[in-house]
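Subject: Handover of a structure for your study

Dear colleague,

Please find the structure below, followed by a description of what was found in it. I would ask you to keep the model open while you read.

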Amino acid sequence: MNAVVDFLSGNFSYCMELTLFFMAYQGAMVVRSGPNKDGQMHWFHAYVKSILTGLAGGWFGTLWLGLPAAVMANDVAMAAGTMAFVLANLPGGREFGNSLPVAFFTTMFAQLFRALGIVKFVSVGFNQFQSSPSAYYPIPVIGPILYGIMLGNMGGLVLKGIDGYLANGMPWPFQNGACV
């Protein structure tokens with residue numbers, strides 16, 4: 001049972017590296033299996049789209065608060081994003097990434113990345129907003145939670161835009177963020 005708790009709380013060796021890689025890999029696979037399914041997109045266009053789809057919260061989140069972009073402050077993020085892009089775009093990379101065992105591990109670690117990231121972003125939001133709570137409650141509650149939920153959805157918003165991302169109702173990542 002301790003191993004499960006350690007995993008779900010991100011308390012294991014190489015947690016940051018694994019979750020970053022698989023989140024970036026999930027973004028790269030979304031681009032490789034969607035907009036670039038035929039492999040016709042210029043490599044740099046596909047690369048930027050993959051990085052932004054997988055790691056958009058780390059690019060934009062802290063900038064909203066006037067803090068440095070988390071992706072730029074940590075070289076591991078760009079290294080993971082680059083490795084994920086290369087793996088997804090190798091010959092046979094789309095088939096490999098869509099295979100059941102790879103998709104399972106990708107989803108498992110990417111969801112752990114999102115869950116841990118939402119907790120971190122809510123904490124960052126709370127720390128930034130705590131000096132100016134509303135007149136009705138002594139600490140900020142709604143703002144930090146919404147901040148965390150939005151950042152867990154930045155990849156979809158960047159890839160599809162607001163209308164495309166929300167056209168069919170509330171996407172799973174929004175529901176995921178609301179439950180964390």
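**Phenylalanine 113 and leucine 55**

Apart from its neighbours within four places in sequence, phenylalanine 113 is in contact with Thr19, Leu20, Met23 and Leu55, where contact means heavy atoms within 4.5 Å. The model is a predicted one, in which local features need pLDDT of at least 70 and side-chain atom pairs count only at pLDDT 80 or more, while totals for chains, interfaces and linings use all residues. Residues are numbered from 1 along each chain as its sequence is written, and side-chain values use heavy atoms, with hydrogens and water left out.

Phenylalanine 113 is located in helix α7 (residues 100-129). Helices are DSSP runs of H or I with at least four residues, strands are runs of E with at least two, and both are numbered from the N terminus. With a relative accessible area of 25%, phenylalanine 113 is partly exposed; buried means under 20%, exposed over 50%, and partly exposed in between, using a 1.4 Å probe and protein chains only. Between the C-alpha atoms of phenylalanine 113 and tryptophan 64, which are 49 residues apart along the chain, the separation is 20 Å.

Is leucine 55 buried or exposed? Leucine 55, in helix α3, has a relative accessible area of 3% and is therefore buried. Not counting residues up to four places away in sequence, leucine 55 touches Leu20, Met23, Ala24, Val71, Ala77 and Phe113.

**The helix pairs**

Two packed helices are described by the angle between their axes and the distance between the axes. Here, axes are lines fitted to C-alpha atoms, for helices over the stretch in contact, and angles run from 0 to 180 degrees between N-to-C directions.

Helix α2 (residues 15-33) packs against helix α3 (residues 43-60) at an angle of about 130 degrees, and their axes are 7 Å apart. The two helices are therefore oblique to each other; under 35 degrees counts as roughly parallel, over 145 as roughly antiparallel, 65 to 115 as roughly perpendicular, and the rest as oblique. On the α2 side, Leu20, Met23, Ala24, Gly27, Ala28, Val30 and Val31 meet Ala46, Lys49, Ser50, Thr53, Gly54 and Leu55 in α3. The residues of this contact divide into eight nonpolar, four polar and one charged. In this scheme Ala, Val, Leu, Ile, Met, Phe, Trp, Tyr, Cys and Pro count as nonpolar, Asp, Glu, Lys and Arg as charged, and the others, Gly among them, as polar.

The axes of α3 and helix α5 (residues 75-89) come within 10 Å and cross at roughly 135 degrees. This pair is therefore also oblique. Trp43, Ala46, Tyr47, Ser50, Ile51, Leu55 and Trp59 in α3 meet Ala77, Met78, Gly81, Thr82 and Phe85 in α5. By class, the contact of α3 with α5 has nine nonpolar, three polar and no charged residues.

**Two loop residues**

Where is asparagine 153 placed? Asparagine 153 is in the loop between α8 (142-151) and α9 (154-166), and at 1% relative accessibility it counts as buried. Leaving aside neighbours within four places in sequence, asparagine 153 is in contact with Tyr165, Pro173 and Phe174.

Tyrosine 14 is found in the loop between α1 (2-8) and α2. At 61% relative accessibility, tyrosine 14 counts as exposed. Phi of tyrosine 14 is near 65 degrees, a positive value in a residue other than glycine. Most residues other than glycine have a negative phi.

Yours sincerely
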